[in-house]
Each structure stands twice: as C-alpha cells, then as structure tokens.
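Work through the exercises below with the sequence and the structure open. Each task is followed by a solution in steps.

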Amino acid sequence: MQLTLLPQPDGLTIRVDEKRLDAAIATAFKDRVRSMIAAGGGGEGGGQVTLDLAGVDFMDSSGLGAVIAIYKAMPPGRQLILAGLTPNVQRVFRLTRMDSVLTIRNTADATAPRQERP
Amino acid sequence: MRAAPEPADKRLRRPLPGPRPMFHRIFRADPATVRAALQFLRARFDGSAGDEVIAKLELALAEVLNNICEHGTQAEAVRLGGRPHAPLIHLCVARHVGGIACAVTDDGQPLPPSCLDPRSLPWTGLPPDGTDAILMLPEGGFGWFLIQELTASLSYFREGRRNFLAFIVPVTEPLMQGGPATADDGWPVPGDG
C-alpha cells in the first residue's frame, strides 16, 4: 500500500497513492495512517493532519470506516482534514452524512489535478 | 494499416460489443478477488450508462460482496488444512433498458432477513457538543444502508444452500444508442463527439 508523508509548516499531509480504498486494504490503511500520525511529528504539538484523497477513485464503506477510525483516534488537540475528494469518494461521505461530521476541504486547486480515470 | 482479422476463438473471448454489456463471474469470497471482479466489471460497463450510474453500481456491488466475505463463511465449512471454506459467489450483471440488473448468489451463511428491512443510518446525529461524542461515531454498519440507497427492487430468497440476492441500479437516461458518441455496433468512442 502506497502512502506518502509530506511535512507541512503547520502539520503534515498524508497523500494516499491508492486508487481504491476498499475492503482489501482498509485495515492496513487505518493502521499505517495512525502510526504515521503518531510518529510523523509536524510542528509543535503536532499540528493538523491533512489526508489527501485526490488519487482515490473508489471508496466503499470499509474505506469510510477506516477514515472514521483515524478521525476518532486523532491525538487530542490535532485536527484531521480530508482534502481532494473525487466524486466517488464524496458520494460515500454524502450518502452516509459523514460530510457533516468530518472536516472536508473543498479546494480543488489545493492538490494537483489528476485524471479520474485513465 | 488494418490488422488481420482475429481468429474466431479469440474474438469470442472479448466483451460483447454494443450498448448492453453483460457480465458473469464465479469466484471465492475474498477481498482481493472481489476487487478484481469489480475492476473488470467497471471496465466492461464504462460507457453503457452515465459515470455516476456505473459508480453507484460498483459501490452497491462492493457492499454486497464485502458482506459475503465478512459474514458469509460457514463455521462448519472446513476444508483440508483446517481453514474455513469461503463462500462461492456467482455474480451476474446485465444492462437493461431503465437499469442495470444484478444477481448475486452464494453458498454462505443465510442472510439475516433484517438486512432487507428499511434502514436508517447507524448514526443519527451527534449529541450536543462534548468531545466524547466523536468516540460514539460508528465505524461500520453503513453497508446495507448504502445498498438500499443505491438500488431498487431489492429482493432476496434462500434456496437449498444458496442465498439469492437481486436488485437494479436505476438508469434514468435513455439507453445509449445512436448518440453522437456511440458507434452503431460497438462501444462509445472515448473522446469522440
């Protein structure tokens, strides 16, 4: 599974370089991200964590559950921000109303544009 | 320069051309084989309906198939070596006028009838403030809610040792035919029109 850690002035960004956040990798994804957050530092007190999902073209409820688990396990005082949601990922957050609970940044230009499909 | 015509046996193995693709596959319930089946399905159905419809089809089927992987294995179905036998799934999908019809059967545990009952979200809104509220968020239980949201005519029965689940992913747009991006006898041409 491919994740890239990108330190930021105010925290860190974890870029998900997987096209599918599904049941085949959900548990490993959750564990890897949580350990990256615990070990990754990112300024005083840790700062915010941005999960860059711009490369994810498909997410099912297993992937959603993993994101929620990461959100719930955030260290006190640190914020999790979801960025770069593609339409398929956005749909799952919207249908489950999780878009009203989680912090989603809708800046399409904050992440490099990518083709949704080859 | 045109390539020489393919031999007939090779042509037969390619997906049927035309705007009404079909799909049938038999596989063991396992997240990796489910992923492979869904990727193949998307490749075959891309262009047979709008992108959003195909995405909903893939998501609904993912939830159904994941449930079989997660809950379907029979405790007594032990094979040599002591590992339980994952259910064998038959998946059949066909594009019809008005929708994409799906049939999923498996020889796993019977589906609890309550799965087909009208569902609400496992979570119904955060309690008024308090940081502990976050810890109450569910991490699962969304699957059948999503299936019911994304599908129509959801029906289930069990016959012998198999579960039979059928549903439609509705398509509101007319079946693509004769449109500017659709070849007469084949797949829509990407980027054309």
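**Exercise 1. Strand β3 of chain B**

Task: In this predicted model, find which residue of β5(B) B:Thr105 stands opposite, and describe how β3(B) is paired and covered.

Solution:
1. B:Thr105 stands opposite B:Phe164 in β5(B).
2. β3(B) and strand β5 (residues 162-170) of chain B run antiparallel and are joined by 8 bridges.
3. Strand β2 (residues 88-96) of chain B also pairs with β3(B), in the antiparallel sense and over 8 bridges. Here B:Ala94 has B:Ala101 of β3(B) as its bridge partner.
4. The hairpin of β2(B) and β3(B) has 2 residues between the strands, and B:Gly98 takes a positive phi near 85° in this hairpin.
5. Of the 8 residues of β3(B) (residues 99-106), 6 are buried, so the strand is mostly covered.

**Exercise 2. B:Pro138**

Task: Decide whether B:Pro138 counts as buried, exposed or partly exposed.

Solution:
1. Locate the residue: B:Pro138 lies in the loop between α4 and α5 of chain B.
2. Count its neighbours: B:Pro138 has 15 C-beta neighbours inside 10 Å.
3. Apply the cut-offs: a residue is buried with 20 or more such neighbours and exposed with 12 or fewer. B:Pro138 therefore counts as partly exposed.
4. As a distance check, take B:Thr73, which is 65 residues from B:Pro138 along the chain; the two C-alpha atoms are separated by 24 Å.

**Exercise 3. Chain B as a whole**

Task: Give the order of helices and strands along chain B, and state what share of its residues is buried.

Solution:
1. Chain B has 5 helices and 5 strands.
2. Along the sequence these follow the pattern α-β-α-α-β-β-α-α-β-β.
3. Chain B has 193 residues, of which 28% count as buried.
4. Among the contacts in chain B with a separation of 6 or more, 63% are between residues 24 or more positions apart.

**Exercise 4. The side of chain B that touches chain A**

Task: Which element of chain B gives the most to the side that touches chain A?

Solution:
1. The contact involves 22 residues of chain B and 19 residues of chain A.
2. At least two residues on the chain B side come from each of α2 (31-45), α3 (51-71), α4 (132-135) and α5 (143-150).
3. α3(B) gives the most, with 7 residues.
4. By type, the residues on this side of chain B are 14 nonpolar, 3 polar and 5 charged.

**Exercise 5. Two helices of chain A**

Task: Describe the packing of α1(A) against α2(A) by angle and distance.

Solution:
1. The axes of α1 (residues 26-39) and α2 (residues 61-72) of chain A come within 9 Å and cross at roughly 20°.
2. Angles under 35 degrees count as roughly parallel, and α1(A) and α2(A) are therefore roughly parallel to each other.
3. The crossing of α1(A) and α2(A) is right-handed.
4. The contact includes A:Phe29 and A:Val33 from α1(A), and A:Ala66 and A:Ile70 from α2(A).
5. The residues of this contact divide into 6 nonpolar, 3 polar and 2 charged.

**Exercise 6. The sheet of chain A**

Task: Which strands stand at the edges of the open sheet of chain A?

Solution:
1. The sheet has 5 strands in the order β1-β2-β4-β6-β7, with mixed pairing.
2. β1 (3-8) and β7 (103-105) each have a single partner strand, so these two stand at the edges.
3. From one strand to the next, the twist averages 25°.
4. Within the sheet, β4 (residues 48-52) and β6 (residues 80-83) run parallel and are joined by 4 bridges. A:Val49 stands opposite A:Leu80 in β6(A).

Methods: Residues are numbered from 1 along each chain as its sequence is written. Chains are lettered from A and ligands numbered from 1 in the order in which they are written. This is a predicted model: local features need pLDDT of at least 70, side-chain atom pairs count only at pLDDT 80 or more; totals for chains, interfaces and linings use all residues. Two residues are in contact if their C-beta atoms, placed from the backbone, lie within 7 Å. Ala, Val, Leu, Ile, Met, Phe, Trp, Tyr, Cys and Pro count as nonpolar, Asp, Glu, Lys and Arg as charged, and the others, Gly among them, as polar. Axes are lines fitted to C-alpha atoms, for helices over the stretch in contact, and angles run from 0 to 180 degrees between N-to-C directions. Angles under 35 degrees count as roughly parallel, over 145 as roughly antiparallel, 65 to 115 as roughly perpendicular and the rest as oblique. A crossing is left-handed if the near helix is turned anticlockwise from the far one by less than a right angle, and right-handed if clockwise. Two strands pair if DSSP finds at least two bridges between them.
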